[in-house]
Every structure is written in structure tokens, then in C-alpha cells.
Amino acid sequence: MIWNTLLLALRAIRRNLLRSFLTILGIVIGVAAVITLVTLGNGATKTVSDQIASMGSNLIMVIPGQGHGSSGVSRFRMSDAQAIRSEIGAAKSVAPVSAKSATAVYLAANWTTTVTGSTGEYFPAGNWELASGRIFNEIEERTGRAVCVIGETLRSKLFGRQNPVGSQIRVADIACEVIGLLKAKGQSAFGSDQDDTIVMPLATVQRRLTGSRDVSRLMVSARSGASLEAVKTQLGSLLRERRNLAENEDDDFRVMDTRQIADALTGTTKVLTMLLGAVAAVSLLVGGIGIMNIMLVSVTERTREIGIRLAIGALEREVLLQFLIEAVVLSSLGGLVGIALATASSMIIADVMAVPYMFDLQINVLSFLFSAAMGVIFGYFPARRAARLDPIDALRHE
Amino acid sequence: MTSAAAFIRLAGVTKAYGEGQAAFLALNGVDLSIAAGEFVAIMGPSGSGKSTVMNILGCLDTPTAGSYEFEGVHVEELTRKQRALLRRHYLGFVFQGFNLLARTTALENVELPLIYRGESASRRHANARSALAQVGLAGWESHTPGELSGGQQQRVAIARAIVTNPAVLLADEPTGNLDTATSREIMDLLTGLNRDRGITVLMVTHESEMAAYARRIVRFIDGRVASDGAGEHPQ
């Protein structure tokens with residue numbers, strides 16, 4: 001009986017191709033939207049955590065202020081970095097960082113970028129490698145020479161394919177020699193281009209660009225084997241002491257390791273993923289309502305069909321089973337097409353957005369089941385109502 | 001016709017629509033016996049109950065009171081499912097509006113009852129083709145109702161009704177939507193099926209000309225049998 005009913009269901013689908021297509025369409029769009037958005041969200045989360053991992057697992061960031069509002073909080077000084085270096089043995093490198101945005105000019109080309117002032121220790125601490133040239137030496141750091149190491153993006157904007165090492169560029173009003181080129185790193189966890197950067201000695205930036213001796217953050221990398229927690233505790237107490245915080249005062253700075261930064265950032269992208277997923281779930285719901293409408297509308301036509309079937313000897317059960325199979329076949333087909341579409345589109349978009357394609361079995365199964373349930377419920381109940389009519393009433397139905 | 005061998009027997013069949021004051025008796029104590037192999041035309045003006053008695057005879061509807069025996073089985077005591085099985089195995093239907101499945105080929109329409117009977121694909125095709133050939137539609141198997149004339153559609157419907165080799169063919173105004181020439185062809189077809197295959201034919205019609213094809217004419221007025229007699233010489 002099941003095979004015969006399957007045959008009837010497939011014939012019914014075939015002779016109503018347009019209606020079947022419309023029924024499927026809602027499911028396809030809903031399923032594809034949910035899966036695509038969640039897959040891309042997962043990819044973005046993965047990118048963020050990968051990039052933070054690429055910063056090195058032993059990196060500690062110290063930023064002034066607690067929480068998000070950091071205005072009015074005293075910044076760090078170069079001397080803080082020196083103190084950390086001398087007092088905390090487990091700190092391998094300490095890079096004080098001060099950054100400002102400025103326009104760089106070479107011949108006719110100009111580009112606005114971030115100028116980072118730091119010491120030579122910035123490069124190992126930030127996992128930077130040189131593509132060519134050199135980094136600044138201690139004398140250049142101390143005297144505040146106008147030398148700079150530039151990132152790949154800036155090179156392509158100012159120099160095209162040319163080797164920039166040895167050229168003179170102007171950064172804001174500083175004439176500055178390019179002494180090194182950094183290897184490309186790609187997008188940062190914050191979504192910005194990490195290669196869009198100029199690194200100069202801290203003293204140069206402080207004197208000639210920011211005009212203050214403030215340091216906006218400290219990057220500390222721990223020696224391998226040293227306990228990250230211990231280093232963080234030591235950093236905390238040292239900085240509290242240097243900033244004259246009383247016993248009962250809270251820290252006015254934050255010490256975070258890469259895992260914490262990763263958690264904070266991936267937390268954001270996870271929330272975004274959930275938000276996008278929720279929006280997409282609404283579209284799945286709307287798709288479901290579309291199915292419901294088409295099913296309900298088609299029941300008018302199909303009530304007569306049900307009447308005919310009942311009159312020539314179909315059992316109520318067989319008619320229902322046929323409609324159920326139709327609904328299951330259509331919904332599953334819609335779900336599968338939706339999954340295929342989502343896979344293709346998320347692969348393409350992931351490629352464009354430069355995030356990895358992350359297949360998420362759970363969301364695939366979930367949205368498939370949801371759409372199938374939608375199709376089955378809304379296909380089944382109107383049919384059940386019709387199948388329970390007296391055949392004569394169903395036949396008379398116009 | 002009160003022979004004990006009666007094939008179909010209605011006794012005191014009443015069908016009421018509505019309740020209480022507004023109740024309307026579509027059938028009011030109908031007694032009717034039909035023997036196997038008869039060709040009976042049921043006539044009567046609109047509202048006389050002729051379609052209602054047809055639906056009851058076809059097990060599509062149930063009487064409010066009275067009994068309906070089909071080959072000794074009391075149909076009014078059957079469940080919905082048993083009535084469906086009775087329709088499946090013993091009855092064939094032809095309707096005024098053809099009631100074919102739209103966008104479905106003639107062959108698939110005729111196969112439909114066989115699918116519900118669980119016949120194998122090969123037997124289904126063979127039987128459906130032969131039924132279409134019997135109604136003169138050989139070569140039209142792959143046409144959909146939309147591509148067929150009214151007369152051809154009614155022939156497909158007749159093929160669908162006889163493909164299961166039913167004991168009784170119930171035709172409700174089978175020529176109601178057809179022109180006179182086509183109507184005569186359809187009536188010839190029904191007469192032939194009755195004569196050559198011994199199928200009992202019950203037909204509702206309001207056209208005397210069509211009723212004249214029947215060997216027996218039952219007239220209904222106001223839910224009662226008004227007259228019951230031999231055909232060809234209607235009163």
C-alpha cells in the first residue's frame with residue numbers, strides 16, 4: 001500500500017509542478033538563509049579566534065581604564081615598560097604602544113593609515129616578521145629618528161609593486177625613511193586591515209606626532225614556560241603600586257591575555273551570529289507561512305480531488321497517507337535544495353569575506369527538520385479535514 | 001420487483017437534511033429493489049430526491065432511516081471504511097461533471113482505482129488500456145482532460161468506472177454536460193456495457209430521451225417513488 005501511495009503522491013506532485021515549486025520555494029529560502037548566516041557567523045568566529053591565536057598564546061595586553069569608558073584615566077608611560085622589564089623576570093619582551101592616525105605621502109600617492117610608535121620589541125611581541133629591510137635599532141629608538149617600518153597595504157598604496165626600503169616618505173609633517181617592510185598578516189580580529197600600518201620608534205611618535213609622553217597600551221609577552229597567570233598577577237601588583245592605588249581602590253587598568261581577548265571578541269561575533277540566525281529564523285518562519293498558505297489554498301482544489309478519490313474507493317487513511325507523503329517529499333526536497341543552496345552560497349560568500357567555510361551539522365539538521373515539520377503540519381491538517389468530509393460533500397466542493 | 005434474489009434493496013429509506021422545524025426530507029420512505037443486470041433510469045424534477053437516492057445507492061451517503069441491502073449486506077450498518085471498500089470493489093461512478101483529475105493523462109485517470117486496489121503496474125497498464133479501448137479511446141491514453149472534448153472526458157470517466165469490472169455502474173446525469181449527439185454515443189456505450197458485460201447500470205437523468213435507453217424507469221416526486229415501470233414506453 002505504501003508503494004502505491006508513494007506513486008500517487010509523486011504523480012500528484014508532478015501534475016502540480018508550479019504549486020509544488022512554490023511550496024518548496026519558501027522552505028528553500030528559509031533553510032538557505034538560516035544555514036548561510038549561521039555558517040558565515042561561525043566562520044567569522046573561527047577567524048577571530050584564529051587571529052588571536054596567531055598573536056601568540058603568551059601575549060598579555062595591558063590597557064588603561066576598566067571596562068569600556070577609559071576617558072580621564074591616566075595612561076602609561078615609557079617608564080612603566082622599563083619597570084616591567086626590570087622587575088618581572090618572566091616578561092620576555094615589553095612593548096609600549098602609542099598610536100595615531102596620519103596621512104603618508106610618497107610622490108603623488110597618499111594614504112591615511114595608523115602610525116604605531118613602539119620599540120623593537122613590538123615586532124616579536126605582535127608576531128610580526130619582516131619581508132625585507134630591518135627594524136629600528138636602539139639608537140634610533142632613543143634619539144627618536146624618523147625611520148619607519150611599513151605594512152604591506154601601505155606599500156601597495158604608495159609604492160605599488162616597488163620595493164619601498166630606502167625611500168623617503170612623508171608621514172603627517174615628518175620626513176621619514178622606510179627601513180623595513182612587514183610580511184602581510186591580513187585582517188585583524190577587529191575586522192581592520194593589520195597590514196595598513198606604519199611602525200616608528202615610540203619617541204618619534206611621541207615627540208613629533210602625538211606631542212605627549214603617553215603610552216596607550218602595553219604588550220607584554222611571557223617567556224615560554226612561565227605561568228601566564230603569575231605574570232598577570234605580578235603585572236597587576238606592579239602597576240597598582242606604580243599608579244599609587246590604595247588597597248580599597250579598583251584597578252584603573254586591565255590585564256588581559258590572548259584567551260581573554262579571544263573570548264571577548266568571539267563572544268561578540270557569537271552574539272552577532274545568533275542575532276543573524278534569529279533574523280534568518282524569521283525568514284524560515286515566513287517561508288513556513290508561505291507553505292501554509294499554498295497548502296490551504298490548494299486544498300480548495302484538492303477537496304474535489306479528495307472527493308473523487310474517496311468515491312472511487314480510496315480509504316480516508318490512504319488519502320491522508322498520500323498527502324502526508326506529498327508534504328514530506330516536498331518539504332524534504334525543499335530542505336535538501338535549501339541545504340545545497342546554503343552550502344554553495346556560504347562557500348562563495350565565505351571566500352569573498354575571507355572567512356573559513358565552517359560546516360555546522362547541527363544547524364543543517366535543525367533547519368531541515370523545522371522546514372519538514374512546517375510542510376508536514378500544514379500539508380497534513382488541511383488534507384485531514386478534507387479527507388474526513390463525506391465524499392459527496394467533498395465532490396460538491398467548488 | 002420484490003424478488004428474494006434482489007441485488008439491491010432499499011426499504012423505507014428516508015434522508016433528512018437539517019433538524020427540527022427546518023428539517024427537509026429529501027427522501028421519504030423509499031422502497032426500491034433492483035436485480036442484477038438491470039438498466040434503471042431514475043427520473044424526476046429537481047429536488048425530487050433522485051440524486052440523493054443515487055448517492056445512497058452509491059454508498060457515498062447514508063440514509064437517516066430505513067435499510068439498504070447490497071447483496072444481502074446492510075450498508076447502513078457498515079463503517080465508513082467498509083463502505084469505501086464496497087465502492088472500491090463493486091461500484092463504478094460516472095458523474096455529470098466528469099470529475100477527472102486535472103492535468104493527469106487519461107491512462108493515469110483510468111489507472112487510479114486500480115492503484116487503490118493494489119494491482120501491479122503491468123496489470124494496471126494493460127487493464128487501463130483495454131478499458132480505454134472499450135470506450136473507443138485507444139490512442140488517447142496520454143491526453144489530459146484539458147486536451148479532450150466533453151464526450152471524450154466522459155468516456156475516460158466511464159473507462160475509469162469499468163476498469164475494475166464493477167457489479168454496478170452508477171451514472172449521475174452522465175449526459176448533462178453534453179450535446180445531443182454526444183449524449184447518444186454515451187448512452188449507446190452504457191447500453192452496450194449493460195448488455196454485453198452484464199453490468200447493472202443505475203442512471204439519474206431528467207431527459208426523457210436518455211431515460212428511454214433504460215429498460216426500467218423509476219420516477220421520483222417529492223422524495224417518493226411516483227412510478228416504476230418498463231422503459232421505452234414512458235408514461
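This is a predicted model: local features need pLDDT of at least 70, side-chain atom pairs count only at pLDDT 80 or more; totals for chains, interfaces and linings use all residues.
Colleague: Why are H3(B) and H5(B) called roughly parallel to each other?

Modeller: The axes of helix H3 (residues 106-116) of chain B and helix H5 (residues 150-162) of chain B cross at roughly 30° and come within 7 Å. Angles under 35 degrees count as roughly parallel, and H3(B) and H5(B) are therefore described in that way. The crossing in which H3(B) passes H5(B) is right-handed.

Colleague: What makes H1(A) and H10(A) oblique to each other?

Modeller: Helix H1 (residues 2-15) and helix H10 (residues 316-353), both of chain A, have axes that cross at roughly 55° and come within 8 Å. Roughly parallel requires an angle under 35 degrees, and roughly perpendicular one of 65 to 115. The pair H1(A) and H10(A) is therefore oblique. The crossing of H1(A) and H10(A) is right-handed. On the side of H1(A), the contact is made by Thr5(A), Leu6(A), Leu8(A), Ala9(A), Ala12(A) and Ile13(A); on the side of H10(A), the residues include Leu321(A), Ile325(A), Val329(A) and Leu330(A). The contact residues comprise 9 nonpolar, 2 polar and 2 charged.

Colleague: What makes E3(A) and E5(A) count as paired with E8(A)?

Modeller: Pairing requires at least two bridges between the strands. Strand E3 (residues 109-118) of chain A is joined to E8(A) by 5 bridges, and these strands run parallel. Ser118(A) stands opposite Pro201(A) in E8(A). Strand E5 (residues 147-150) of chain A pairs with E8(A) over 2 bridges, in the antiparallel sense. There Val149(A) has Val199(A) as its bridge partner.

Colleague: Why are E2 and E5 of chain B called edge strands?

Modeller: The open sheet of chain B has 4 strands in the order E2-E1-E4-E5, with antiparallel pairing. Strand E2 (24-34) and strand E5 (73-74) each pair on one side only. For E5(B), the partner is strand E4 (residues 65-70) of chain B, joined to it antiparallel by 2 bridges. Within that pair, Glu69(B) stands opposite His74(B).

Colleague: How many residues of each chain are in contact across the interface, and which helix of chain A gives the most?

Modeller: Contact requires C-beta atoms within 7 Å. On that basis, 20 residues of chain A are in contact with 20 residues of chain B. H1, helix H9 (258-311), H10 and helix H12 (391-396) of chain A each supply at least two residues to the side that touches chain B. H1(A) gives the most, with 5 residues. The side of chain A that touches chain B comprises 12 nonpolar, 2 polar and 6 charged residues.

Colleague: What share of the contacts in chain B join residues at least 24 apart?

Modeller: Among contacts in chain B between residues at least 6 apart in sequence, that share is 67%. Chain B has 7 helices and 10 strands, and buried residues make up 48% of its 235 residues.

How values were computed:
Residues are numbered from 1 along each chain as its sequence is written. Chains are lettered from A and ligands numbered from 1 in the order in which they are written. A residue is buried if 20 or more other C-beta atoms lie within 10 Å of its own, exposed if 12 or fewer, and partly exposed in between; C-beta atoms are placed from the backbone. Two residues are in contact if their C-beta atoms, placed from the backbone, lie within 7 Å. Axes are lines fitted to C-alpha atoms, for helices over the stretch in contact, and angles run from 0 to 180 degrees between N-to-C directions. Angles under 35 degrees count as roughly parallel, over 145 as roughly antiparallel, 65 to 115 as roughly perpendicular and the rest as oblique. A crossing is left-handed if the near helix is turned anticlockwise from the far one by less than a right angle, and right-handed if clockwise. Ala, Val, Leu, Ile, Met, Phe, Trp, Tyr, Cys and Pro count as nonpolar, Asp, Glu, Lys and Arg as charged, and the others, Gly among them, as polar.
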